[in-house]
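Colleague: Could you take me through the nonpolar core of this one, and then the sheet that goes with it? I'd like the cut-offs along the way.

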Amino acid sequence: MKTNLLEFDLAGLVAFCESLGEKRFRAIQIYRWIHQQGASDFAAMTDLAKSLRFKLEQNACIEPLKVASEHRSKDGTVKWLFDVGDGNAVEAVFIPEDDRATLCISSQAGCAVGCRFCSTGHQGFSRNLTAGEIIAQLWFAEHSLRRSSGTTERVISNVVMMGMGEPLQNYSALVPALRTMLDDHAYGLSRRRVTVSTSGVVPMMDRLARDCPVALAVSLHAPDDVLRDHLVPLNRKYPLRELLDACVRYLASAPRDFITFEYCMLDGVNDRAEQAHQLVDLVRAALPGKSWCKFNLIPFNPFPASGLSRSPPPAIDAFAEVLSHAGIVTTVRKTRGDDIDAACGQLAGEVRDRTRAAERMASRRTISIHRAKARTFDCKEADIG
Ligand code: SAH
Ligand code: SF4
């Protein structure tokens, strides 16, 4: 079985090359060919000796993800659906803006956290992506966008782990993928331009601060534990007090002096002005006298099984006003790529439509729900250690 070189960060590739009797600088050359040039076969690596190229061909491969579909929105958003086998698919979404171009990528097929308002959560957990499958989304998007726009310049300026899955429940694959995003021999993104979004896996937030402190976004969604227990079931394990403390600890390593809180605006559920006041009290109590967080209000993207609806714009504005008035920088996320269902939380619904996974999953539903629960436990045991 050949080794897929996309699985490695630079340290991993160096170790692999050494196992073939090759020196570190060869690994750097190969890493650059793969990630900077988008090479997918060794024949293209013209500055490597023929004998080395032959050795690589015998032992290694550069295995991209299978593209199941590509959709381009009128607003420039591009969404790819990748088939990761066994009826599972994950998505990556490219979002160009005036001052940046962001790629949103997935960390798992499905998700075990099971948030009420998230279609990925409703789908249940299928499996973790490997480090190679995580970075392959960036590798593919970057080089395919360069080809389609006829440029050799870098296209993607920011990466957010906000697609399908809970990245901190796939920690061992996440970290090598992040390291490749940051490495100057690969994508060379600064730590502040790579964001991990988490529903609040507290122990892994501390590990991320030590291992690879990129920008952090935390999905908050509720100002009190009773509501958050209901919306984000992981809150029962890591309640708000612990989560907020972990955010404050993370600040010491964070690439910017704030943490972003994401807050999905759900009509009549978490969008009352009094709940905004509670949020202000919550963040002030966690770190008094300092402006240390920003809020990103996300208008809910409805899907039928959720039974929830989007807060009306005046409610979102009033909510934002309370936070801003208290001195907390607050933004309301623009909905992008609506015509191709690329907005947050629409990913899994689309996957099911595209792959007919719904039918397939129906028979596995009970099993997968049990499995999802078991995996939540496994991940915690294995990853949190
Ligand atoms: N699992 C991680 C990252 C993926 S979800 C997390 O939960 O943070 C990325 C963001 O999309 C999260 O803030 C999540 O709360 C939000 N989201 C999920 N479903 C949504 C929906 N239907 N409408 C709007 N935002 C949603
Ligand atoms: Fe998982 Fe994030 Fe969706 Fe919650 S919001 S179910 S953590 S992907």
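Modeller: The largest nonpolar core has 100 residues, and those with the most contacts inside it are Leu13, Leu103, Leu138 and Met265. By nonpolar core I mean buried Ala, Val, Leu, Ile, Met, Phe, Trp, Tyr and Cys residues joined through C-beta atoms within 7 Å; buried is 20 or more other C-beta atoms within 10 Å of a residue's own, with C-beta atoms placed from the backbone. Helix α5 (residues 131-148) gives the most to this core, 8 residues. Helices here are DSSP runs of H or I, at least four residues, and strands are E runs of at least two, numbered from the N terminus.

Mind that this is a predicted model: local features need pLDDT of at least 70, side-chain atom pairs count only at pLDDT 80 or more, and totals for chains, interfaces and linings use all residues. Residues are numbered from 1 along each chain as its sequence is written, while chains are lettered from A and ligands numbered from 1 in the order written.

Back to Leu13: leaving aside neighbours within four places in sequence, Leu13 is in contact (C-beta atoms within 7 Å) with Leu5, Phe8, Ala27, Ile30 and Tyr31.

Now the sheet. It's open, with 10 strands in the order β3-β4-β5-β6-β9-β10-β11-β12-β13-β14 and mixed pairing; a pair needs at least two DSSP bridges. β3 (66-72) and β14 (330-332) stand at the edges with a single partner strand each, so one side of each has no neighbour in the sheet. β3 pairs with β4 (residues 78-85) in the antiparallel sense over 6 bridges, and Ser69 has Leu81 in β4 as its bridge partner.

Definitions and conventions
A residue is buried if 20 or more other C-beta atoms lie within 10 Å of its own, exposed if 12 or fewer, and partly exposed in between; C-beta atoms are placed from the backbone. Two residues are in contact if their C-beta atoms, placed from the backbone, lie within 7 Å.
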